[in-house]
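Visitor: Could you walk me through this one while I have it open on the screen? I'd like to ask things as they come up.

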Amino acid sequence: MTIVPSLPTTGGNRYYITNREPLLPSPLLKLPIGSVRPEGWLRHQLVLMSDGMTGHLAEISPWCKFEGSAWASPTGEGDRGWEEMPYWLKGFADLGYLLKDERVLGEARKWIEATLASQQPDGWFGPIANKLSFDLWPNMIMIDILQSFYEATDDPRVLPFMTRYFRWQHDLPLEKLLPESWQKVRGGDNLANIYWLYNHTGEPWLLDLAKKVHERTVDWTGGVANWHGVNLCQGFREPAEYYQQARDATFLRATERNYATVMGMYGQVPGGMFGADENCRQGYSDPRQAAETCSMVESMLSNEMLLKITGNPMYGDRCEEVAFNSLPAAMTPDLKALHYLTAPNMVQLDRSNKAPMLQNGGDMLSYSAFEQYRCCQHNVSHGWPYYAEHLWMATQGNGLAAVLYAPSEVEAEVGDGTTVRIAEKTDYPFAGAVDLTVTLARATRFPVYLRIPGWCESARASVNGTALKLPTQPSAFVVLNRTWNTGDKVRLELPMQVRVRTLVNNKKSVSVSRGPLTYSLKIGERWQKYGGTEGFPSFEVFPTTPWNYGLVLEEQEPKTTFEVVKMKAPLADQPFTVEAAPVQLRAKAKRIPQWQLQSNLVGLLQESPVKSDEPVETVTLIPMGCARLRISAFPVLGDGPDAHVWREPPKPPLASHCNPSDTTLALNDGLLPKNSNDQSLPRFTWWDHLGTTEWVQYDFDTPRRLDSCEVFWFDDTGVGQCRVPASWSVLWKDGETWRPVAASSPYGVDRDKLNKVSFEPVTTSALRVEVQLQQGFSGGMLEWTV
């Protein structure tokens, strides 16, 4: 028994496909689908998927209707031919293979056969509209589907089909290969598909194509190339994929640098994700900023792929963090609906518009099975199935590795070619004991690798009851290289200690974790149906108990603050609910009355420590994945000289008119624009009022003494119809009367700068800017400071 920080890349594997020369050897090899059989709570997630939204999108989603779909046409003609159906089929088909569900398999096979029949003489397949625009992105997803189909069936048509398609890509003029669009950002998916085919066929021209694809993909090696959330979760890994061919560690480091950049700026939150409620946005990094469900499943897949490429156990930690803490709350407990966005702090899931605090307008948070969340509704399908497929992987030296933990059984060829079956019994991630039982026809020597997570500092292991000497080394692999006999038993114990993490770059709030699970305040939930169907209802969720708590921590040893309460009942089939939470924490807390909703979103955090005169209460924390309503980044209470009283949020500015797509909140969000046409920031405009007299106004809780203000005008000359105003003035409220200030400097209307006006001091409860818009034009502001 030894400990290794990462898995070996030498020794070969006689039974499973690995990287061919000249690609770097892969430390881990994906087992064919069906080799790993999920059990327990994980299998139940798949059953719920089959019975729920994913299993019935052919009935629910217009994008998954076979009749009339361009994906079902032999000539590729028709509509509904972009990413939605392949997104769904990618997980739906794998769900059928894992569950051996004949209904699911039959539906999936219909689409796969139509795809195989659609190939044209030049090698193209699928919707003809995509070919005409050279949009390869939907086909990248469909190739993933055909890979699983080949693993499950050994169908002899698949490899020639892929070969003809990639030869078509190879022969494209360079300017037609990955032109601007999603595909150029997500070229790493195409690269992975090419390497998969090369490893199966050895066609040398595929490596030429791979090099071209890398060079035509946006430059992720040079830094973060795109700030769209899903693009980030897929694209950041591309340099590490190409590292296998380039054999240059610069590419591997680039992937890790991309991850660190994004998480450092927008991921200082619990749950493994980062704030990109469409795109990452400057100034929007509070724990109320959310991640798309698409981003979660793509993040999990990227980490599964990086685990395979590098053998580094930290990618297992990152995958589990998202899978256990973020993904479950993106869906209803019965997996019959989901929402677009999930945040670490979110306490009300209603249908109201929350832009620009969330980037998109409209309903982003309620649960629905229908097409309002079109990409996530389909793409969520591969989250749990792909996770299940990667629990166990083959290794160099004809061994096996447990790289992710969940109840399961694996069957694979090892050692001298003997088939081994290993049954894994565990309540992980809620408990740290993992029990393995080995079954094989004859004694066989082979290595078994067990991942020790980065959070575990005192792992223990035994074989057949005999304890093994295990050095304390988190984020590593235990290697058991021995002759195995049927009936051998291994026990791995991963003690779970409470950990408190200070989110220094997020107002010094804290998160609380135990093992791979991060914990959230237990909030009562009221589910209110508002639409959908009887079988697939849509819901809003409202809190029934207070949520605005800060934690009272022991100053020297914060983790001793918490009492661990393990529920006595057996683990529920669906443990990710408030009622079934298998492990709870008790903590001391006080309410912060001033911390309230802001336009139906949880108010922004303020710097800790925070003072509160409320009484100390005992509150319950449950795993984040169990909590659809959640506070998981907590303010810290204190009474020392550095503690402050939580400030009441300012009243929203008023305006004579505001474009529904804009917001008065942009006036005082503290974000200074790069120029007057900065489209990356929230804005306020009077559009579509043209040439009129308009105003904006601040109201103050108590009178303030003011002597100046500054305005950064919005002006989209060359793009739209907003211009700096013809003129403007400042008025102050004297009782109930508005009076002009006595200005001592000009009223500037310059673009690309703050225009400051000074005036004789006034003491007032309200201040107003009044503008005269240019004739025939509208106008607006990006910032107004007083």
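Visitor: What classes of residue make up the lining of the second largest cavity?
Guide: This is a predicted model, and in it the lining of the second largest cavity has nine nonpolar residues, five polar ones and one charged one.

Visitor: Which residues lie nearest its centre, and how much space is in there?
Guide: Of the 15 residues that line the second largest cavity, Met 273, Ser 326, Thr 342, Ala 343 and Pro 344 lie nearest its centre, and the space inside amounts to about 70 Å³.

Visitor: How many cavities of 30 Å³ or more are there in the whole structure?
Guide: A search of the whole structure turns up four of them, and the largest cavity holds about 110 Å³ of space.

Visitor: OK, and what lines the largest cavity?
Guide: Its lining includes Leu 232, Phe 236, Tyr 259, Met 273 and Asn 303, and the elements that give two or more residues to it are α11 (229–235), α13 (249–266) and α14 (293–310). The largest share, four residues, comes from α13, while by class the lining of the largest cavity has eight nonpolar, four polar and no charged residues.

Visitor: Switching to the sheet: what's the strand order?
Guide: The six strands form an open sheet with mixed pairing, in the order β1-β15-β12-β8-β7-β2, and the edge strands, β1 (2–4) and β2 (28–29), each pair on one side only.

Visitor: Do β8 and β12 run parallel or antiparallel?
Guide: Strand β8 (residues 399–402) and strand β12 (residues 444–452) run parallel and are joined by three bridges, with Leu 400 standing opposite Val 448 in β12.

Technical notes: Residues are numbered from 1 along each chain as its sequence is written. This is a predicted model: local features need pLDDT of at least 70, side-chain atom pairs count only at pLDDT 80 or more; totals for chains, interfaces and linings use all residues. Side-chain values use heavy atoms; hydrogens and water are left out. Two strands pair if DSSP finds at least two bridges between them. On a 1 Å grid over the protein atoms alone, a cavity is a set of points where a 1.4 Å probe fits but cannot get out, and a pocket is an open set with protein on both sides within 12 Å along at least five of seven lines; lining residues have an atom within 4 Å of a point. Grid points are joined across faces, edges and corners, and a volume is the space filled by probe spheres set on the points. Ala, Val, Leu, Ile, Met, Phe, Trp, Tyr, Cys and Pro count as nonpolar, Asp, Glu, Lys and Arg as charged, and the others, Gly among them, as polar.
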